[in-house]
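Visitor: I have a few quick ones on this model. Keep it brisk, please.

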Amino acid sequence: MAYNAASHNLTGEPTGPVTGQPPSLSNETTSALIGSSECDPMGQNAPGRDGGDKNEGKKVKSEKELEKERQKAEKAKRFAEKQAKMQKTAAAPSKKEKKKVESKEEVLPEYKDETPKGQKKILKSLDDPYNKAYNPKVVESAWYDWWEAEGFFKPEFAPNGEVKESGYFVIPIPPPNVTGSLHIGHALATTLQDTLIRWNRMKGLTTLFVPGCDHAGIATQTVVEKRLKREGKTRHDLGRSAFIQRVQEWKGEYHARITNSLKRMGGSFDWTREAFTMDENLSKAVMQTFIQLHEEGYIYRANKLVNWCTQLSTSISNLEVDEKELKGRTLLDVPGYERKVEFGILTHFKYPIDGSEETIEVATTRVETMLGDSGIAVHPTDKRYQHLIGKFAHHPFLDRLLPIFADEYVDPEFGTGCVKITPAHDPNDFALGKKHNLEFINIFTDDGFINKNGGKFEGQKRFDVRYTLTKELTDLGLFVKKEDNPMKIPICSRTKDVIEPRLKPQWWMRMPELADAAMKAVRDGSIKIRPEQSEKDYFRWMETIQDWCLSRQLWWGHQIPAYFVKVEGVALDDADNEYWITAKSEEEAHEKAAQKFPGKNFTLERDPDCLDTWFSSGLWPFSTLGWPSETHDFKKFFPTSVLETGWDILFFWVARMIMLSLKLTGKPPFTEVYCHSLVRDSENRKMSKSLGNVIDPIDVMEGIQLESLHQKLLEGNMDSKEVANATKYQKTAFPQGIPECGADALRFSLVNYTTGGGDIAFDIKTMHAYRRFCNKIYQATKYVLGNLAADFTPQGKGGKTGKESLPERWILHKLNIATRDINKALTAREFSRSTQTAYRYWYDELCDVYIENSKAIIQNGTKEEKRSAVDTLYTALEGALLLIHPFMPFLSEELWQRLPRRPGDSTPSIMVATYPQYDLELEDPTSEAAYELILGCSKGIRSLIAEYGNKDEGKAFVKTFDDTSFETANREVQSIQSLSKAPGKGAVTIKVLSKDESTPTGCAVFNVSSSAAAYLEVKGRIDIETEIKKAQGKMKKAADSAVKQRKLLDELADKAGDAVIEVEKQRLTEFLAEQRNYEQSIEQFEQLKLEEKK
């Protein structure tokens, strides 16, 4: 897309027509205006005419006046001629300016690629209007469809059906929920995974990147139910079958969006192997697993406390509960309540003792649960209550007696030393209820109202009744007081509802034995978890693991394959595991029940609940490869290679995959786990739909206007308050919308963010900056291609011919070092280091140094020198494109396809080209040191000229401190001279001094290295006092920065990854060098002062 320089349009706004100076008047119009002015002296005057009375006679002028007018006219004539000449020059711009003006005025229609879908991209000339500059929309078009059509994403097997000799590399995608669009966290995961896949594919391994989606039971059902609510319906109005059909329709719509986003990001998935957690084979795996583990005793039925969300009307796991810490009385918003609800309070009230006038005082943080109380506990040694042990308290609102008993669990120092026991609604009370055989009384309905067990309070909301109860206790004289109480409130991570512990018959999985095996696999090295902190978190959770509640009260998901056997004439409890049969079908269940209860009459009733989504996800690495069947994929690709995911689902998912895989297959599901950081917004907040800070990667790749971002908020399920807050954030974070960055810039920045340390702060400016890096790559390639002859054929292989100049040997060495370091970094999963290395090679070494320095050789060198320079240029560029392909697949393919191929090379795509590997023959530290000295000296002189130079010629010196450096600098003095030119400053003559020659005086100093220093003569050219003050200020600033940098490094020592620490160490080195330069310059200036006084 061409940009309209005159429109100054906002990001995302369409570019309008160019505006500028108004057009010049025609000759006819000019004549008409002048003629009119001659006729009407009161209107516009013709040039040189005054207004006035046209009938007045002409005044006769003196000789003196006439001479004065003549001189004035001559002067005006000369001025007019000068102005005309200037206007003529301005009207006829130079070729360069003309070209610039024309490009500004060029407004192109929206780009449409002409390549038929699935065919290899039709590459247009780089002089084509759409290809003159980097444009992600142009560069990223057509390639993905061609890659997919050519089968490059499919694993390549050896002729015998085995994986290639170099091995295999498989990543199963962490399946995104099928509930909506992907967010920037998905983009991070996909980018890191695809980077590893592309890198290993180019290394020659058989690779497979398995795509797929998760049915996301709770999340998906909640979204669809909210939509039904807008229609005035519930799922019960539709019925289970029709409701599931409605969800399937939703799934189809959003699945297409997810697939489009993954493709748009360049994920090289094998779409022929795409999976869905409710596919036929995955459902088969789920059913078989449940039945097997039930029959082996790992899965059992029990009536235990669950975390109940009244908004979702289902139980949820401990991992889906957040704890909100309160310091005391706090009013919180609770879904379903118009007014805020009070928490963080300890309410004291009294129970009457049955048969006496005495009372016993208890304290509770949830007074509403008194309706479910069935006992009161005291400490056995607490003398205040020993006389009450064995007696009963009378419930003031219900016909219920509460036994008073002793238990050492009670803390006599907390509250009143008496504990009311509600076994059906509190985890600690549950254990005491079992121990002392108390009654378990459920007082809540599924949607959070008081049920019939609450007596006259039936029908009230659970948090409304706490106020009603407090009032009634007060009226009865039983209320004592309220006091602040620090506490933690369990909050549903999905709905922000306050979790209610409830007694429910559910399916559970026994976990400790499975966890022991999973910990052993990590300890013995079968599975490596990175970074180290994630491994520590893994062990901490696994060592205290609790049994897993598998039941969810949903319709969308895998219905539990369990049947309750109702035996005629037997009073049964559906919490009794003995009367449950698990089977693949009702027919099989009948057979199993008949065998278990021979001669009995019975009926079967299937459990209507679904399994926790994480149960099916726990089978993902092997069920996607065909398990439980012994498929080719399962036999060749299992265990998989890497599981790359966010640390926040290490327990939800990763640990459960390891436990289930070891149990069911006898193998670990993968050999490595890499946990990436979470992406936070620019204000360091976790990304959340309710905050409006969730970023769609499509919006980053393609750009979006601010108004369109606002509109997206209205399409979700947010309430008006959330929309208002989110809109405010968007205005602050993206005042001009999100600029078009492209997939490659997005990917590169996300990999660069991944340091292995803390969370990532999202910054759209950083991503847009990497779009400029893409343009640097694009323009550098254009330059190289422009210097290749039409019949140019590169060497048979890259490397040295022995004819290379020093700069050529240097760039080949740098390419080799970059190759070594990127391969090392990716192997160690030091992602940020890999992109930093690629960036440094491209930007600092190839573009800013070698390409710039090659221009003089290509223009003025001998034929042999030119050819060698071009060959090296080709090799340096080819290697650079191959190195960045895993990070920037589209740009690298677009530019690599434009390079002429080496003889005998028929590689169809950069995707399947060979990734560069370290080559000992290209290692050349001697040339590196020599050329680094040249570059350092020229940089030093340039820096000094920029600060102290003027337009006159000057003198500079390079003082060397060893013989090798002297020989190198002396031999390459012309190179130093040409590289030292500073724009707008005078030329300098450069003299190289040996270690034995005197150090120059009257100079500003720049320390190049331990081998050399650069000096610029400033004597007589500067105000010494002024420069000393300036240098002192800058020296202090550098010293202060060095102190701060040391402090930062100390803080990062145990927190950040090696890549981050290395960057910060380099900054410290730069601050210290800057400080030394100013110290030595001040010494020189002080010496000049002394000389001037003599």
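Visitor: Asp607 and Arg301: buried or exposed?
Guide: Both are buried. Buried means under 20% relative accessible area, exposed over 50%, partly exposed in between (1.4 Å probe, protein chains only).

Visitor: Before we go on, what are the ground rules?
Guide: This is a predicted model, where local features need pLDDT of at least 70 and side-chain atom pairs count only at pLDDT 80 or more, while totals for chains, interfaces and linings use all residues. Residues are numbered from 1 along each chain as its sequence is written, and side-chain values use heavy atoms, leaving out hydrogens and water.

Visitor: Back to that pair. How do the side chains of Asp607 and Arg301 meet?
Guide: In a salt bridge, 3.1 Å from N to O. The cut-off: a side-chain nitrogen of Lys or Arg within 4 Å of a carboxyl oxygen of Asp or Glu.

Visitor: Where do Asp607 and Arg301 sit in the chain?
Guide: They are 306 residues apart. Asp607 is in the loop between strand E24 (602-606) and strand E25 (610-611), and Arg301 is in strand E5 (residues 299-309). Helices (H or I, at least four residues) and strands (E, at least two) are DSSP runs, numbered from the N terminus.

Visitor: How many salt bridges does the structure hold?
Guide: It holds 71. One of them joins Glu702 and Arg264, at 3.1 Å from N to O. Glu702 lies in helix H20 and Arg264 in helix H9 (residues 240-264), so this bridge ties together parts 438 residues apart in sequence.

Visitor: Which accessibility class does each get? Start with Glu702, then Arg264.
Guide: Glu702 is partly exposed, at 44% relative accessibility. Arg264 is buried, at 17%.

Visitor: What about Asp633? Which residue does it form a salt bridge with?
Guide: With Arg273; the closest N and O atoms are 2.7 Å apart. Asp633 lies in helix H18 (residues 632-637) and Arg273 in the loop between H9 and strand E4 (275-276), so that pair ties together parts 360 residues apart in sequence. Asp633 counts as buried at 13% relative accessibility. Arg273 counts as partly exposed at 22%.

Visitor: Which residues are linked in a network of salt bridges?
Guide: Glu320, Arg494, Arg552 and Asp612.

Visitor: Helices now. How far apart are the end C-alpha atoms of H24?
Guide: They are 33 Å apart. Helix H24 (residues 764-786) has 23 residues and should span 33 Å, which agrees. The expected span is 1.5 Å times one less than the number of residues.

Visitor: What do the buried residues of H24 pack against?
Guide: Several helices, including H4 (136-139), H23 (743-753) and H27. The buried residues of H24 include Tyr770, Phe773 and Leu785.

Visitor: Thr872: which helix is it in?
Guide: Thr872 lies in H27 (residues 863-884). Thr872 is buried, with a relative accessible area of 3%. Leaving aside neighbours within four places in sequence, Thr872 is in contact (heavy atoms within 4.5 Å) with Glu804, Glu808, Ile811, Leu812 and Tyr850.

Visitor: Last topic, sheets. What is the order of the open sheet of three strands?
Guide: E11-E10-E16, with antiparallel pairing. Two strands pair if DSSP finds at least two bridges between them. Strand E11 (359-364) and strand E16 (479-484) are the edges, each with a single partner strand, so one side of each lacks a neighbour in the sheet.

Visitor: How many bridges join E10 to E11?
Guide: Six, between E11 and strand E10 (residues 345-352). Phe349 has Val362 in E11 as its bridge partner.
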